[in-house]
Amino acid sequence: MKQIIKYIFAGILSISSFTACDLDTNPTTSVNSGAVFNTTNDAEKVIIGAWSYLMETFNSYANPGYGAMLRANDAMSSDVVVNTRYGFRDHYTFTAIYGKGGTNTLSWLLAYRIINNVNGVIKYIDGSTGSQEEKNRIKGQAYALRGFMYLHLASSYSFAIDKDPDAVCAPIYTEPSDASTEGKPAASVSEVYAQSISDLEEALKLIPANYSRTSKYKVDTQVVLGLLSRAALYSRDWEKAEDYSDQLLALNDYLMGESEYKSGFNSVDNKEWIWGHPQTADQSDASYQFHYLDVTTNGSYYFSFNADPYFRDYFNDGDYRKDLIFWATDPGKDPASEAFVWMRYAKFKFREDFTGDIVLMRTSEIYLINAEAKARLNDAGAITILNDLKSARGATTVSGLTGQDLLDAIWLERRKELFGEGFGLIDIIRNQQNVVRENYPQTPKIDYTYKDGNGAEQTVAITPQGHRIFNFPDKSEFVVNSKYYLYRIPDSEELANTNIYSVHPKLSIYN
């Protein structure tokens with residue numbers, strides 16, 4: 001009986017306490033006893049602790065909690081150029097995920113530990129002391145967090161659902177587990193998506209529409225509608241994707257203006273953010289991600305997430321996002337001694353105290369989901385929704401597009417708008433595309449102008465740096481549905497759980 005759970009849930013969560021806002025709590029160390037859930041307040045501590053664990057747990061500086069999966073998705077995409085320092089450089093070369101270690105191991109561990117904790121909430125909260133409304137809300141938030149984790153598993157551990165809906169993905173657990181629990185077979189990708197959507201739809205029923213959260217990390221109706229929109233899009237249920245995104249935009253269709261967009265993508269107070277993880281000077285572990293994302297602040301460390309030089313050409317003049325993309329050397333260094341200039345996208349900026357909140361969902365994503373779903377359904381409103389977003393960014397609007405041309409325009413806008421937010425590789429997988437990286441010539445050099453220590457303007461010729469990796473580790477070309485794109489079931493899981501491939505066989509690409 002002691003199979004998979006011995007590895008996934010060994011030593012049921014010991015989650016460190018937080019010291020900021022209402023994340024300040026000491027969550028339980030066990031979710032397998034109903035005694036943990038004496039009151040609804042106790043049950044809520046389990047959810048808060050699970051969320052904290054998900055977002056703040058490091059297994060290395062290169063793997064800052066769930067944010068590591070977001071960063072990996074973009075490092076492995078077409079538009080991000082990762083430099084040669086530490087910080088997702090192995091993801092950029094497609095060796096990190098395929099090797100099963102690091103981010104891959106953390107991904108599996110986080111997902112199933114969170115699932116186990118919220119399974120305890122779902123099972124036991126009805127016996128807790130507290131109002132029925134509180135029980136419903138907390139149970140709904142538990143369902144939402146479980147649905148979020150199954151969405152991560154479905155979209156990361158399998159190819160697109162339409163490639164093979166019966167392909168192996170990951171096990172589904174809906175009851176609390178411990179070391180004596182027998183490991184379950186891995187479910188198919190369609191089954192994992194179905195579980196995610198079922199959980200999220202249950203959350204939508206349970207969380208009161210009038211619930212007013214005290215922080216943007218907490219799940220409310222808007223977050224659930226957003227996750228449902230995302231899950232339906234990924235699973236190619238266009239009707240649900242349109243319906244849920246329509247509902248959300250009816251509640252909140254705010255799009256930020258230019259000054260907000262250029263303010264650094266570092267604050268949950270931004271009205272366009274539907275969901276985000278707050279940070280303070282006292283609770284700032286997740287802020288470490290900005291050392292990778294922030295490529296223009298002196299004091300940031302890695303300057304990892306630069307842009308493909310060709311990426312800037314996708315933005316028309318007048319689009320204020322284009323103002324944030326420019327050639328520059330590493331900040332804080334003497335440009336005259338630097339070997340390269342990189343195309344910087346100054347979208348993410350540390351706050352003055354070197355913290356930054358983590359964005360998880362914005363209304364702009366919902367516009368793009370809605371536009372894509374409508375395009376798939378041949379709804380003429382698709383262009384209107386797409387142009388609403390483009391207009392808000394100062395971009396040139398489009399007209400007369402249909403079919404694949406319209407989808408291509410929407411997908412390109414996703415790349416432009418959501419750069420660095422964790423959607424790059426997922427979009428490539430779900431749309432059965434391949435990574436595209438073109439060589440940028442290093443001659444002629446770039447005339448780079450800067451001000452020296454005396455404030456005098458100087459110009460030096462420096463070599464431009466674009467993409468450096470143009471094929472997979474085995475030297476094969478970037479292709480659709482490559483084994484190098486997928487997260488993989490860890491070795492420890494395969495060894496411990498003899499049931500893992502008993503229903504759906506291991507993908508042949510790994511044999």
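Student: What does the UniProt annotation "domain: RagB/SusD" cover?
Tutor: This annotation, from an unreviewed UniProt entry, covers residues 355-501. Such annotations may be inferred rather than shown by experiment. The model itself is predicted: local features need pLDDT of at least 70, and side-chain atom pairs count only at pLDDT 80 or more, while totals for chains, interfaces and linings use all residues. Residues are numbered from 1 along each chain, and side-chain values use heavy atoms, without hydrogens and water.

Student: Why is the pair of Y261 and Y320 called edge-to-face?
Tutor: Rings of Phe, Tyr and Trp (its six-membered ring) pair if their centres lie within 6.5 Å; planes under 30 degrees apart are stacked, over 60 edge-to-face, the rest tilted. The centres of Y261 and Y320 are 5.8 Å apart and the planes stand at 65°, so the pair is edge-to-face.

Student: How do you know that F340 and W342 form an aromatic pair?
Tutor: Their centres are 6.3 Å apart. The planes stand at 65°, making this pair edge-to-face.

Student: Why is W342 called buried, and what is F340 called?
Tutor: Buried means under 20% relative accessible area, exposed over 50%, partly exposed in between (1.4 Å probe, protein chains only). W342 has 8%, so W342 is buried. F340 has 31%, so F340 is partly exposed.

Student: What makes K347 sit over the ring of F265?
Tutor: A charge sits over a ring if NZ of Lys or CZ of Arg is within 6 Å of the ring centre and within 35 degrees of the ring normal. K347 lies over the face of F265, at 4.7 Å from the ring centre. The charged end of R488 sits over the ring of Y98, 4.7 Å from its centre.
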